[in-house]
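Thanks for coming. I have one structure to walk through today, and I will take it region by region.

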Amino acid sequence: MKLVGFLSLAIGFALAMPTHAQPAKATYNGLFLGTNDVTPDNSGFFTLSTASAGAFSGKLQIGNTRAPLSGKFINGVAEVIAPLSKTQSLNVQLQWDASSDQITGSISNGLWVANLASHRASFDGKSLVAPQAGHYTLIIPGTNNSPSVPSADGYGTVTVTTAGRISLVGALADGTKITESTSLSTNGQWPVFISLYNGQGAIVSWVTFTNLMQTALNGSVTWIKPASSTAKYYPAGFTNQTQIVGFTYQQPPKGIGVLEFSGGAITLDGGNLAQSITNFVLLDANNRVNNLDGNKLSMTVTLPTGAFRGSVTDPVSLKAIPFGGVVVQSQNRGTGNFLGADQSGRVHFGPAQGDLVEFQTIGSSFAPQVSYDTSAGSAFRWLWSDNSTSSSTNVTKSFPGRASRPQLLTAFPGGVLTSINIGFDSSDGGETTPLNTNRPQQNVSSVYFPYPLTALRYWASSYNPITNVLDFRGFTSLEAIECFHCTNLDHVVVSNLPSLKRLCFEACGLQELDVSGNPNLEDIRAAVNNFTNVTIGNGTGPKVWHFCTRENRSITQRYQDIMTNFYSLREPWIWHDNQSGHLSFVSTNLTDVEVWGNDYTSADFTGQSRMFLLWAYENSFTNLTITGCTALQDFEAENNNLPSDVLNQIVIDLQSSPGLQFVNLTHQTVNSTPNAGFLTSPAALNAYTNLINQGVHIYVDWPPN
C-alpha cells in the first residue's frame, strides 16, 4: 500500500547514504507501518528526542499502549528493546541519516515487521517560525463503493502554531470523535496516528502541507474499524483506504461572509433517510444561517475554526437530526455528516441561486408589495434588519425611528418572483402596468440583485431616493420598469431585456441611457434627465410607439439618426431636446407629435392621416409640410421662420381636417424681420375664412395697415 511504500523508500534512501555523524539535540516524530498490511497490532506512532553524544529517549504507541525506549546512536545506528508489557517487548532498529535529518528503521515483535520513518521537528516560534502556521479545515472523503463503509465525509479543524504544534479536532463519518496534538516536521510532514475503538482501530496517515491554493494539505489515509456486534454503525467493520484533504481557513472580518454566497441550501441525503432533505437558507453578513423553509432548521458556524453544527427536522419522521461539518472556503461550500439508524449520511452546504433582493431603507417603516409563483416557489421570506422575518407578500414592517437598515427578500428556487412594488402611482402612462395597488415610496436608498430575477415581470420604485446602479441585467421576463421621479438615480442597466415593453425614468438623474437589445420595447419615458444620447440598436425600435425624452437639453445626437426603424412610432415627445435640421419620421402612424422648443429648420408630415396634435412651435422652421394630415385637431407652429408661401399652403391644407379646433401660426420671423409671415394668396385667405366659419380658433399675423 502507499503508506508502506513511502516508508520503504525513506528507509532505503537513508541506508544508501552511510554517515558516521551523530544526531544533534532535536525531536523526531513519525509512524511505523506493517510491511505486509497495516493493522492496529503492527502500526503506530513514534516520537524520539536526541541529546548530546547520540543519547536519545522516546516512546512508541500501538493502539492504546505506549512503550518507552531509550538508547544511544553509535555511528548513527541504534538498536533497543521497547517493553510493551511484562511479557511483550519490541525490537527497535534505528538509522539516522545526516543528509535528510531523518530517522528510519524497523520494529518487530518476532511475528511481524513494521517500517519506521520520522522527520525532525525544529520550529520554535521564535528563531524558526512555521510557515504553515494558521487555521485549516479538512475532510476525509467517504466512498460510494459499498454500503458497508461510510459514504459521508469525515471532517475536522486544524490549528498550526508558529512553533509548529498541530491540533486536530473532528469527527469521522461513523460519529467517532477524533483529536490529535503533535508537532509538524521542518519539511512540512504531519504524522497522523489516532487510536480508535479502545485500541482496536486507528486512523493512520502521512499528511503533507503543500501550501497550494486549492488543497493546503493532503495524504493517503487508512481508517481501520474492527468488527463488533455491539457497534450501532457498520458492525461488520472495515479497512477503508481514502484521503485526508485540507484547506486553508481564514476567519472573516466582521460584516464579511465566511463563504462567498448569501443564498444557499443545506442538503442531507443517505443515512437511512426516506428522501433527501433540502432547506434553503440565507447566510447573512454577520454569518448567521437563517432558515427560509417551513421545515425547521438551526445552524451555526464557529467563525474562529470554520466548523459548523446544526439540526434539521426530517419532514417524513418529524424527528430532529443533528449534523456537523466544516466549510471549505476555496471551494465555496461546506461538507459534513449526520447519523441515521445504522448508517451515516452526507451533509452539503453550498450556494443556491434563489431570487434575492437586498434593500437599504432609511425610513421608520417599510411596506413593500411582492408577488411570486406560489406553484413553483418552495420558500419565500423577508428577513428584516432586526432579525425578525415575514412570509407575507403584502407586509408593513415598523422600526423605532428613521435609520439606514438592510432588508432582504428571498425566494427559492430562483425564477419565482414576478413583481416588486416599493413605489407606484400609475404616473406617466403607468396605468397600463398591472400592479395590484398604488403604493407610496418606501424610503429605499439602494437596491442590489445578487442574481438576475429571471421571472420578474414588473418592477416599481417610483419616488424612492435610490442612489446605486439599478442593474436589471439578465431579467429576461421583465416587461415594465416604473422609476418615476427617482431624482437620485444616476445609472441603470436596461439593455438586452427581451421581454421589456415599457420603461419609465422620468425626472431621474440618468447620466446615460442604453436601451439596445430590447426588441419588444414599446414605451420609452425618460424625460428630464442628464444623458447626452440614447443608445438604440440590436433590434430595439420597430415596436416603439411612445418616445419621450423631453427637457433633456444636453442631448448631442440627432434623433433622426437613431429612429430609422421606429415604424410604429405614434408619440414622439422630444421638446427641448436640442434637436436641429430636417425632421421626418419613417412611421406613418403618428398621432401626437410634440417637438417644440428645438431648432428644426424643416419638417415633412405628408400623409400622416392619424396625427391629431402637432406642436412645432419655437423652432427655426422655414418649411413645414402637413399635406394629407386629415385628423389634425390642434396645430401650433408659432415662433418660427415660416415665410408667406409656406403659411399659405399650410392654411389651405388645414381645410382637409374636419375635426380641427385650434391653430396658431403667429410670430414668424422672415428675413430677420419679426412677425413678417402673412397670408398673401387669395386661396389662403379664402381657406382662413372657411376655417373661421367652421368654428376653428386660428391665429395668424396680418401685415400692418
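This is a predicted model: local features need pLDDT of at least 70, side-chain atom pairs count only at pLDDT 80 or more; totals for chains, interfaces and linings use all residues.

Leaving aside residues up to four places away in sequence, threonine 591 touches Arg570, Glu571, Arg610, Met611, Phe612 and Leu613.

β44 takes us to a sheet. This is an open sheet of three strands, in the order β44-β46-β48, and the pairing is parallel. The edges are β44, residues 580-583, and β48, residues 623-625, each of which pairs on one side only. From one strand to the next, the twist averages 25°.

Now the pairings inside that sheet. β44 and β46 run parallel and are joined by four bridges. In that pairing leucine 583 stands opposite alanine 603 of β46. On the other pairing, β46, residues 599-604, meets β48 in the parallel sense over three bridges. Which residue of β48 is the bridge partner of alanine 603? It is leucine 624.

Next, a strand elsewhere in the chain: β7, residues 102-108. Seven of its seven residues are buried, so β7 is largely enclosed by the rest of the structure. As background, side chains in a regular strand alternate between the two faces of the sheet. In β7, Gln102, Thr104, Ser106 and Ser108 point one way, while Ile103, Gly105 and Ile107 point the other way, and all are buried.

What does β7 pair with? On one hand there is β6, residues 89-97, which runs antiparallel to β7 and is joined to it by seven bridges. Valine 92 stands opposite isoleucine 107 there. The hairpin of β6 and β7 has four residues between the strands, and aspartate 101 takes a positive phi near 50°.

On the other hand there is β8, residues 113-121, again antiparallel to β7 and joined by seven bridges. Isoleucine 107 has alanine 114 as its bridge partner in β8. β7 and β8 form a hairpin too, with four residues between them, and glycine 110 in that turn has a positive phi of about 95°.

The largest pocket has a volume of about 500 Å³. Its lining consists of 22 residues, and those nearest its centre are Asp284, Ala285, Glu358, Pro406 and Leu408. Which elements give two or more residues to that lining? They are β18 (277-283), β25 (355-361), β31 (405-412) and β33 (444-448). By class, the lining has 10 nonpolar, nine polar and three charged residues.

Technical notes: Residues are numbered from 1 along each chain as its sequence is written. Side-chain values use heavy atoms; hydrogens and water are left out. Buried means under 20% relative accessible area, exposed over 50%, partly exposed in between (1.4 Å probe, protein chains only). Two strands pair if DSSP finds at least two bridges between them. On a 1 Å grid over the protein atoms alone, a cavity is a set of points where a 1.4 Å probe fits but cannot get out, and a pocket is an open set with protein on both sides within 12 Å along at least five of seven lines; lining residues have an atom within 4 Å of a point. Grid points are joined across faces, edges and corners, and a volume is the space filled by probe spheres set on the points. Ala, Val, Leu, Ile, Met, Phe, Trp, Tyr, Cys and Pro count as nonpolar, Asp, Glu, Lys and Arg as charged, and the others, Gly among them, as polar. Axes are lines fitted to C-alpha atoms, for helices over the stretch in contact, and angles run from 0 to 180 degrees between N-to-C directions. Contact means heavy atoms within 4.5 Å.
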